Amino acid sequence: MQTKDFIYLDHAAATPVSEPALLAMQPYQADQFFNPSAPYLPAKHVRLAYEKMKDELAHTIGAKGNDLVITAGATESINLAFTVLKPFSGGNVVISSIEHASVREAAKNFSETVREVAVDQTGYLNLKDLESKIDDQTVLVSIALANNELGVIAPLSEIATIIKKVRLDRLRRQIETPIYLHSDASQALSLIDLRVARLGVDLLTINSAKVYGPKGIGALYLAHGIKLSPITFGGGQELGLRSGTENVAGLAGFAAAAKIAKDHLNGNRKKYEKISRLFRETLISEAARMELKTPLKFLGNKKHQLANFVPICFDGIDAERLIYLLEAEKIYLSTGAACAANKGAKSHVLTAIGLKDSEIAGSLRISFGSLNDEEDVKIAARKIIQAVKTEEERIYG
């Protein structure tokens, strides 16, 4: 996967498929192409392999294969999770103010009442505000484990403790409305131990595309006893919740990639902590050397942040122009979530943490991954500061 043809700093948007994942997929795209629901022996062998790979994927989050529904990605997984609301007319949803668009839109689609929990200026969740937003009609709380623009990690185990207290209080008062905790862990699988028992979640979304597996496949973990409703209809695959011929090759790649991620959690964290620190230091030193007029601002909560995220802001500088200048240097990065950037929409995440419009317009999301090394990040940092200097000269003369 290593290449020096370009410097890629947008691993939060997509990751390249690793060699082991590609190798795991290959048999099911060629010789073992059979539909696992077919009745003859080769297809039955594919069925057995599919169930085994599902068990392997589930094991990476401390679950069993029967606990997973394989989906076409995180968005479908999230939408499926929100069907837990269907039996409860009038049930409301609580989400954070910095959730991914898929969570925000699913919440609006499945509930008439959506309450947003505030975060502080670093993007860290306000637990007191969360408690205040939950009432007796709250059926689902959905909080991402790690935010997709800032990389800020939510206190999920503390949130789970709050949910447990609510359940006990409802039981004491004989209120039968259940309350569930869902988390979108798409950004976290390669950097955080996602054992569901430790996290305390009832539903968990994971995504192959962010962990060096193939795109177009994700999964939803659901705890025993939780009732969901299908959003696609047909042959009744995946516990009757996700009809359609199983993506055997995709699951092979996803399971292989997830296992590699789990086996290298500590090594990955140490690598990204080191290069993130070097990147920050180089940005600061280059900004001083180039005598930038524009202050450099680091976003997010460094204490509670994925090690590979370094979002930054240059107030008054057009980040879209920076991206254009950097692309000419074959350095690829983004202003934030790819789906929002594609629409040209102002980031609701950066708005929620209190940034001014001029700061939002000047923000970049840098996310490191397997394609980066120390030399890459030093070059990238220098080129970013040079691009800002070019824009300053254009603006100020």
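Colleague: Which element of the protein has the lowest mean pLDDT, and which has the highest?

Modeller: This is a predicted model, in which local features need pLDDT of at least 70 and side-chain atom pairs count only at pLDDT 80 or more, whereas totals for chains, interfaces and linings use all residues. Residues are numbered from 1 along each chain as its sequence is written, and side-chain values use heavy atoms, with hydrogens and water left out. Helices (H or I, at least four residues) and strands (E, at least two) are DSSP runs, numbered from the N terminus, and pLDDT is the predictor's confidence in each residue, from 0 to 100. The lowest mean pLDDT, 50, belongs to helix α11 (residues 338–343), and the highest, 98, to strand β6 (residues 180–184).

Colleague: What is the mean pLDDT of the protein?

Modeller: Where pLDDT is low, the predicted coordinates should not be read in detail. Of the residues of this protein, 97% reach 70 or more, and the mean pLDDT is 93.

Colleague: Why do the rings of Phe279 and Phe368 count as edge-to-face?

Modeller: The structure holds four aromatic pairs, where rings of Phe, Tyr and Trp (its six-membered ring) pair if their centres lie within 6.5 Å, with planes under 30 degrees apart counted as stacked, over 60 as edge-to-face and the rest as tilted. The centres of the Phe279 and Phe368 rings are 5.3 Å apart, and the pair is edge-to-face because their planes stand at 80°.

Colleague: How many residues separate Phe279 and Phe368?

Modeller: Both Phe279 and Phe368 are buried. Phe279 belongs to helix α9 (residues 265–289), and Phe368 to the loop between β12 (363–364) and α14 (374–396). The pair thus links distant parts of the chain, and the separation in residues is 89.

Colleague: Over which ring does the charged end of Arg280 sit?

Modeller: A charge sits over a ring if NZ of Lys or CZ of Arg is within 6 Å of the ring centre and within 35 degrees of the ring normal. For Arg280, the charged end is 4.9 Å from the centre of the ring of Phe298.

Colleague: Within what arc do the buried residues of helix α4 fall?

Modeller: In α4 (residues 101–110), the buried residues are Ser102, Val103, Ala106, Ala107 and Phe110. They line one face of the helix because, seen down its axis, they fall within an arc (that of the directions from the helix axis to the C-beta atoms) of 130°.

Colleague: Which elements do the buried residues of α4 pack against?

Modeller: Lys108 and Asn109, on the other side of α4, are exposed. The buried residues of α4 pack against α3 (74–81), β3 (92–96), β4 (114–117) and β5 (138–142).

Colleague: How many of the eight residues of α3 are buried?

Modeller: The buried residues of α3 pack against β2 (68–71), α4, β6, β7 (203–207) and β8. Among the buried residues of α3 are Glu76, Ser77 and Asn79. Helix α3 is mostly covered, and its number of buried residues is seven.

Colleague: Is Glu238 buried or exposed?

Modeller: Glu238 lies in the loop between β8 (218–222) and α8, and its phi is near 55°, a positive value in a residue other than glycine. Because its relative accessible area is 8%, Glu238 is buried.

Colleague: Is Glu291 buried or exposed?

Modeller: Glu291 is found in the loop between α9 and β9 (296–298), and it has a positive phi of about 55° although it is not a glycine. Because its relative accessible area is 63%, Glu291 is exposed.

Technical notes: Buried means under 20% relative accessible area, exposed over 50%, partly exposed in between (1.4 Å probe, protein chains only). Contact means heavy atoms within 4.5 Å.
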